[in-house]
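Dear colleague,

I am handing over the structure below, and after it you will find an account of what turned up when it was examined. Please read the two side by side.

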Amino acid sequence: MEKRENLRNIAIIAHVDHGKTTLVDQMLKQSGIFRANEVVAERVMDSGDLERERGITILSKNTAVMYKGTKINIVDTPGHADFGGEVERILMMVDGVLLLVDAFEGCMPQTRFVLKKALSFGKKPIVVVNKIDRPEARSEEVVDEVLDLFIELGADEDQLEFPVIYASARNGYASADPAIQGEDMQALFEMIIKEVPPPYGDLNGPTQVLFSSIDYDDYVGRIGIGRVERGTLKEGQNIVLCRRDGSMKKVRIAMLYQFEGLKRVASESAMLGDIIAVSGIADLNIGETACSPEKIEALPFIEIDEPTISMLFMVNNSPFAGREGKFVTSRNIRDRLFKEIETNVAMRVEETESADTFKVSGRGELHLSILIETMRRENFEFQVSRPKVIMSTINEILNEPMELLVIEVPDEYVGVVIEKLGGRKAEMVNMATLGTGVTNLEFRIPSRGLMGYRTEFLTDTNGNGVMSHVFERYEPYKGDIQGRQQGSLVAHEAGETTGYGLYAAQGRGKLFVGPAVSVYEGMIVGVSPKNEDIVVNVCKKKHITNMRAAGSDDALKLTPPTILSLEQALEFIADDELVEITPSNIRLRKKILNKEQRMKKSNRNL
């Protein structure tokens with residue numbers, strides 16, 4: 001058994017928006033990865049279009065820097081609970097974690113989730129208190145909160161003696177002393193070299209590699225990313241691939257890559273502890289082990305937490321089907337969904353009795369909406385149902401997923417938040433005033449109770465509130481929760497909306513469409529304040545007559561329509577409604593488009 005003293009493998013974990021990707025930016029810049037005159041984008045690790053637009057990390061990314069002759073492999077991870085599967089599997093590749101905590105916000109739900117996983121795998125933690133340059137920073141209190149969290153999560157004595165670094169990732173400095181402002185990131189690099197254990201194992205033994213991630217390249221195809229757990233891996237080497245189902249297959253490594261900065265660089269060989277990427281294995285999957293033929297030994301892979309929310313993906317059958325999308329058939333949708341689960345380990349896809357419908361399960365609404373948005377940008381056209389939580393029967397008792405919800409709101413909005421959440425079966429577990437007129441509320445709430453609440457929450461707090469939640473555990477069913485209290489405004493006929501028709505309809509509720517928009521019968525064009533659907537004729541034209549009254553032809557004043565985002569549309573729809581997704585539009589519609597048929601069905605249900 002040997003140690004590789006010139007190598008360290010770390011993951012950066014934290015709650016969303018606590019500065020992980022910005023910290024990686026600074027580590028890359030200060031390690032000399034970029035040329036002096038090179039133009040570097042902010043959050044360079046967030047390479048996907050959706051990641052850059054939304055300012056969040058969706059997929060784990062690998063990079064590597066050199067510091068004083070030691071290579072540091074860094075994995076940047078997502079902060080959203082919905083992408084927890086990304087965090088769980090990459091922990092298999094590293095020996096230590098940098099736990100980032102905001103110097104003002106302190107420990108948030110996702111901090112608890114990712115830390116619990118890291119501690120359970122025995123990873124060495126380094127706590128980085130970030131954003132110490134914030135005027136309201138309370139660094140020492142936050143370190144105490146982190147210690148309490150470590151104790152609560154059952155950390156061992158070695159893990160409780162965690163080192164602390166105080167940093168400002170945006171300004172590019174770190175220090176081991178909160179009273180002294182550092183000049184650069186040297187203190188962080190030194191702490192990583194000192195505290196994170198180097199890879200330890202059999203350097204000269206038979207090859208063993210565990211694959212924890214999958215990437216894809218248009219030229220070389222499937223790329224497996226993993227860590228060399230034993231021995232040496234060489235380009236062109238013949239290996240045995242141990243599948244998750246117990247079967248085995250002989251394969252050959254076509255190309256071998258290692259990470260240097262932001263690039264994958266071709267390499268002839270890799271040793272114990274190296275994080276590598278390989279091509280040439282067409283059907284490689286996450287969690288599989290590559291072994292030398294002389295010693296075939298599969299490594300165990302972590303159990304990924306099961307999904308908590310599901311929705312139905314269906315072939316679009318609206319009157320506008322096939323007009324805007326390129327991939328519209330059930331075969332196109334099926335192939336794309338099953339391709340997704342090869343790399344997205346926390347997602348499940350099941351076929352249903354109908355050949356045109358697929359049940360897709362994920363960690364949360366954001367997890368599923370990112371898939372929908374990605375498919376939409378790939379020119380797919382389909383429709384989806386309302387998200388539903390996945391119930392579980394434990395000891396013959398119906399259980400449902402519960403979430404830990406943390407809310408920060410100005411003091412004057414606390415009452416309305418508590419009142420609304422009370423009706424959604426939420427149970428308050430903590431309430432603390434942070435000073436500066438802000439209150440921190442913690443609730444335990446059924447996942448069902450959170451559906452559709454975010455928009456309501458932003459309205460109630462005038463956009464001043466911040467909410468985040470993470471799945472905690474399954475608990476016995478809490479009883480019925482009252483659904484949406486508003487009905488829909490439904491288009492009466494197919495055609496193009498007119499100012500005259502919209503002017504008459506806007507008195508019945510809030511509209512989602514403006515003038516000159518193509519609609520069809522059964523399409524939802526607005527929301528009604530009443531708890532019932534109202535059919536409106538938004539295509540109505542004003543008939544020309546010889547009679548005119550003074551002022552009757554004055555310009556009609558229309559209220560600007562409310563344009564729903566994809567997440568808002570998914571939150572809004574009821575059980576008898578669908579969201580139609582095309583590359584150009586997001587439309588809401590009734591499952592049954594014809595008014596008479598809808599009435600017949602509702603009468604039968606009575």
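**Loops, helices and cysteines**

Asn-379 lies in the loop that runs between α9 (365-377) and β23 (382-384). Please bear in mind throughout that this is a predicted model. The phi angle of Asn-379 is near 75°, which is a positive value in a residue other than glycine, and Asn-379 is partly exposed, with a relative accessible area of 32%. Most residues other than glycine have a negative phi. Glu-396 is placed in the loop between β25 (392-394) and β26 (397-410), and with 79% relative accessibility it counts as exposed.

A further loop residue, Asn-531, is found between β34 (523-528) and β35 (534-536). Asn-531 is exposed, its relative accessible area being 56%, and yet it touches Arg-484, Gln-485, Gln-486 and Gly-487, when residues up to four places away in sequence are not counted. The C-alpha atom of Asn-531 is also separated by 8.5 Å from that of Ser-488, a residue 43 places away along the chain.

On the α10 side the contact is made by Val-416, Val-417, Lys-420 and Leu-421, and on the α12 side by Tyr-453, Glu-456, Phe-457 and Asp-460.

The crossing in which α4 passes α5 is right-handed. Thr-111, Arg-112, Leu-115 and Leu-119 of α4 make the contact with Leu-149, Phe-150 and Glu-152 of α5, and the residues of this contact of α4 with α5 divide into four nonpolar, two charged and one polar.

Helix α1 (residues 20-30) is largely enclosed by the rest of the structure, because eight of its 11 residues are buried. The buried residues of α1 are Lys-20, Thr-21, Leu-23, Val-24, Asp-25, Gln-26, Met-27 and Leu-28, and what covers them includes β2 (7-14), β3 (61-67), β4 (70-76), β5 (96-102) and α7 (186-195).

Finally, how many disulfides does a search of the whole structure find? It finds zero. For Cys-242, the closest cysteine sulfur is that of Cys-291, at 3.8 Å, which is too far for a bond, given that a disulfide requires the two sulfur atoms to be within 2.5 Å. Cys-242 counts as buried, at 5% relative accessibility, and Cys-539 is buried as well, with a relative accessible area of 7%.

With best regards

Notes:
Residues numbered from 1 in each chain as written. Predicted model: local features only at pLDDT ≥ 70, side-chain atom pairs only at ≥ 80, totals over all residues. Heavy atoms only, no water. Contact = heavy atoms within 4.5 Å. Helix = DSSP H or I, 4+ residues; strand = E, 2+ residues; numbered from the N terminus. Left-handed = near helix turned anticlockwise from the far one by under 90°. Nonpolar A, V, L, I, M, F, W, Y, C, P; charged D, E, K, R; others polar. Buried < 20%, exposed > 50% of the residue type's maximum accessible area, 1.4 Å probe, protein only.
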